[in-house]
Amino acid sequence: FLYFIGRDNMSETSTIDSMKILIDRANAIVRNRPASVQQAESNVAAAGRTREQIKASTAALVAEAERSNTDVRGPVNAAAQANAALKASSVRDSITLTIYNELRTKPVPVVQVAVLLDATGSMQKWIDSVRTHITNAARKLSQLSNFDVRLGLVLYRDIGDGDHQFAVQDFADADTFVAFLEGQRARGGGGDAPEDVLGGFHKLTTALSWDTDSIHACVWCCDAPGHGMGDPSKFNYKDRFPTGDPEGRTIEQTCADLARRQILPVFLRLEDYTDKMIDLFDAVLVARGMPRLPVIALEGTEDLSKQLLNALLTSSTSSIRHDEDDAAGGGGGVAAAAAPRTKRSVPRTHAGDPDGGRSDMRTIEGKMGTYGAMTVNVDRLGHDILRFLHGPMDLKWSENPERVEIANAAFAEGGIRFAYHAKRKKWIVAKDFQRPGFDTLDAHIAEMKGIACASYLADLFCTRLGISRT
């Protein structure tokens, strides 16, 4: 205002008018100020809201990114694990293929099974039963062992039966065996109770084409003893050759022939008439350091269908065990058993004993040691088994002595131990070493480890095949 008032060239009126204009403008500015401030505040508030929205959007984007990253990491990790598994599988497949290629170039192992069968007049139903069930038993044996099973047959009758005294079918497939047996009929018998058992064994060891590279097995089935081997008290006994085989053959010679052929026959017991004969064979076998004859008692022809496979497995696995013993230089094989080995003499049950010695028991007392089941990872089966076999066994001993009833007579024996029926709350099987000096805690623990491994592998084997161990 002073600027305008101080101008000499302006009149008082123009100066007042100018001042009024300036005052009006100032009042207008003042009047308009609240609206401007309100607009400014509104703009500021809007800007604040915009910032919050931006912050929220940013946080949502960050969260979404985190979720996406997690979703990506899962598949990536899964892919990495799958890739590692694929590499491991490739290594296993490579090893498996290598083993397969090695095995493929080798011949399939052969099990030669000889059936020694009494074919005199009373045996027709058993001949028919063998013919009916042998094919299925041989097929199952082949499936279980992955071996080629070849069947041979020796039918024997009695001295004086002429051309029918023997019938022989060399080792062949099951169809050939069955076809040959279909043409055979029970006949003859010499007019007395005994039959030509030793002549039948002579044919078995000399007329069949035994291969030294094969596993040998034999199933023997008869209902009458050999000459000079019967028990007259069992029935109306008549023997034309009471002093034994007229050809001069003996049980000792027969067992030696079986030893050379690596054969341990399994006897299918039909009647108690043959019990004395089996005892005579066992006495010779034990004197030579060989196992006793495995005996399977049959209740009837229907029982043969269940027990024939058991007989084939028992005889063939005995042959495998003997082969391994000989290869290891242990002298435990049939062929190596010509020289007697030291063995403790213990009472044995009779071949026809119905209760296996359970009626004659004694009581022993001592602390009981138990151990848990073997823990194995199938993916590292060999490693875990070796660790179990060579590592310590965690035996837990009972705090107080316990009593166990045990039979005085052994009911069976294996390659190195006797087996006894025993009772501790329930019936069990107790075993003791045959050789003096072997009966130590360490030796028993080693045997238990072997049994635990064998039981586990048997379970695994049967599970993979989808069959029951029973």
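This is a predicted model: local features need pLDDT of at least 70, side-chain atom pairs count only at pLDDT 80 or more; totals for chains, interfaces and linings use all residues.
Trainee: How much space lies in the second largest pocket?

Mentor: The second largest pocket holds about 1200 Å³ of space.

Trainee: Which strands and which helix each supply at least two residues of its lining?

Mentor: The strands are E7 (361–366), E8 (369–370), E10 (402–407), E12 (417–424) and E13 (426–433), and the helix is H10 (441–465).

Trainee: And where does the largest share of the lining come from?

Mentor: Strand E13 gives the largest share, with six residues.

Trainee: How do the lining residues divide into nonpolar, polar and charged?

Mentor: The lining of the second largest pocket has 18 nonpolar, six polar and ten charged residues.

Trainee: Turning to the helices, at what angle do H5 and H6 pack?

Mentor: Helix H5 (residues 197–206) packs on helix H6 (residues 251–260) at about 20°, and their axes are 10 Å apart. Angles under 35 degrees count as roughly parallel, so H5 and H6 are roughly parallel to each other.

Trainee: Is that crossing left-handed or right-handed?

Mentor: H5 passes H6 in a left-handed crossing. On the H5 side, Leu198, Phe201, Leu204 and Thr205 make the contact; on the H6 side, Ile251, Thr254, Asp257 and Leu258 do.

Trainee: How many residues of each class does that contact have?

Mentor: The contact of H5 with H6 has five nonpolar residues, two polar ones and one charged one.

Trainee: What about H6 and H7: at what angle do their axes cross?

Mentor: The axes of H6 and helix H7 (residues 275–287) cross at roughly 60° and come within 10 Å. H6 and H7 are therefore oblique to each other, and their crossing is right-handed.

Trainee: Which residues make the contact there?

Mentor: H6 contributes Ile251, Glu252, Thr254 and Cys255, while H7 contributes Leu280, Phe281, Val284 and Leu285. By class, the contact of H6 with H7 has six nonpolar residues, one polar and one charged.

Notes. Residues are numbered from 1 along each chain as its sequence is written. Side-chain values use heavy atoms; hydrogens and water are left out. Axes are lines fitted to C-alpha atoms, for helices over the stretch in contact, and angles run from 0 to 180 degrees between N-to-C directions. Helices (H or I, at least four residues) and strands (E, at least two) are DSSP runs, numbered from the N terminus. Angles under 35 degrees count as roughly parallel, over 145 as roughly antiparallel, 65 to 115 as roughly perpendicular and the rest as oblique. A crossing is left-handed if the near helix is turned anticlockwise from the far one by less than a right angle, and right-handed if clockwise. Contact means heavy atoms within 4.5 Å. Ala, Val, Leu, Ile, Met, Phe, Trp, Tyr, Cys and Pro count as nonpolar, Asp, Glu, Lys and Arg as charged, and the others, Gly among them, as polar. On a 1 Å grid over the protein atoms alone, a cavity is a set of points where a 1.4 Å probe fits but cannot get out, and a pocket is an open set with protein on both sides within 12 Å along at least five of seven lines; lining residues have an atom within 4 Å of a point. Grid points are joined across faces, edges and corners, and a volume is the space filled by probe spheres set on the points.
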